[in-house]
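Trainee: Can we go through the charges in this model? I'd like to know what stands behind each label.

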Amino acid sequence: MANPAQRICSLLPSATEIVYALGLEDRLVAVTHECDFPDAALRKPRVTRSRIHQGMPSKDIDLMVRRQLDDSGTLYELDVQTLDALSPDIILTQQLCTVCAVSYDNVFRAAQSIRSKPEAINLEPSSLEEIYGNILLVGDLAGVKERAEEFVAGLRRRVSEVERLAKNALRRNILCLEWVDPPFCAGHWTPELVELAGGYDSLGRKHQPSAQLSPERIVDYNPEILVIMCCGFTIDRALTEIPLLSKIGIESIDAIQHDQVYLVDGSAYFNRPGPRIIDSLEILASIFHPEIFGNRFGNSIVRRIHIQQLVELS
């Protein structure tokens, strides 16, 4: 792009957070229905809506997602008319996950159809390094390259500090679940975060998409710590999934028997490859090694579930 972008449309919550982190909020003309951080993003025009009702049971959501993707290839609708009126220079989107955002093909077609002919920018990270790269790319497109470089350098320093403190800690086997019914392991950047925080997740798919796990495989793995980071769910919404742990047949694992089950806000942190992914790393470190990192996060970010609570909720 010859000139710095002056009118930015973000179709990703993570991209919206990047825009604000780089001080570009005055250039942000449109966001998605899911862009809720920082609070100021809630006041921006919204150009998407979901076809999936998040209040349904997780198994029903999973079935609906599969059906919608088979039928139309996307879970979201894009308001092309409003987008046209807002005349963006660039649209920040992705091809990585059709469950997470408007499909790239739909965005590309929309970009070609509106008068401003914006460039569709594909932000598709699968690793921590690629998340840094996305931040640098947005900064470069907006003409604030040095600002972005300085911001990324600060994130790297935080990661290095966690890695330094966790380096000699006893590593424990961890299982991170991005969905409960059916169970899905964590993918992309999350297994990398687990390693940096001083654990290992042998069922995770590092730098690859998450995948469904059988209950038998989870029981055989027998993790010491279970971290539930349901995609798109807050802590309170994830809490409603806890009874399913016994229903899917994994209540015998050490993590559950020894009260080492933790709910985290997947929607705000772990599912979003933006600036707060470093907060996600620090959250994991505090869960794995509280003797080193302390308990700095309240119940709105991390909630520990005890086996008696599991019984009561069931």
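Predicted model: local features only at pLDDT ≥ 70, side-chain atom pairs only at ≥ 80, totals over all residues.

Mentor: Residues are numbered from 1 along each chain as its sequence is written, and side-chain values use heavy atoms, with hydrogens and water left out.

Trainee: What makes Arg276 and Glu17 a salt bridge?

Mentor: The rule asks for a side-chain nitrogen of Lys or Arg within 4 Å of a carboxyl oxygen of Asp or Glu. Here N to O is 2.8 Å, so the pair qualifies. By this rule the count comes to 13 salt bridges.

Trainee: Where do Arg276 and Glu17 sit in the chain?

Mentor: Arg276 is in the loop between helix 12 (266-270) and helix 13 (277-288), Glu17 is in helix 1 (residues 13-21), and 259 residues separate them. Helices here are DSSP runs of H or I with at least four residues, strands are E runs of at least two, and both are numbered from the N terminus.

Trainee: Why is Glu17 called buried?

Mentor: Buried means under 20% relative accessible area, exposed over 50%, and partly exposed in between (1.4 Å probe, protein chains only). Glu17 has 4%, so it is buried. Arg276, with 11%, is buried too.

Trainee: What about Glu282 and Arg158: buried or partly exposed?

Mentor: One of each. Glu282 has 14% and is buried, while Arg158 has 30% and is partly exposed. Their side chains meet in a salt bridge at 2.9 Å, N to O. That pair links helix 13 with helix 6, 124 residues apart.

Trainee: How do you know that Glu224 and Arg172 form a salt bridge?

Mentor: Their closest N and O atoms are 3.6 Å apart, so they fall within the cut-off. At 29%, Glu224 counts as partly exposed, and so does Arg172 at 24%.

Trainee: Which residues gather in the negative patch?

Mentor: Asp140, Glu146, Glu149 and Glu150. Patch members need over 30% relative accessible area and no salt bridge; like charges are joined within 9 Å, and nonpolar side chains (Val, Leu, Ile, Met, Phe, Trp, Tyr) within 5 Å. Asp and Glu count as negative.

Trainee: Why is Asp140 called partly exposed?

Mentor: Its relative accessible area is 47%, so Asp140 lands in the in-between class. Asp140 is in helix 5 (residues 128-141), but helix 6 (residues 145-166) gives the most to the patch, with 3 residues.

Methods. Areas by Shrake-Rupley, 256 points an atom, 1.4 Å probe, with all protein chains shown as cover. Charge placed at Lys NZ, Arg CZ, Asp CG, Glu CD.
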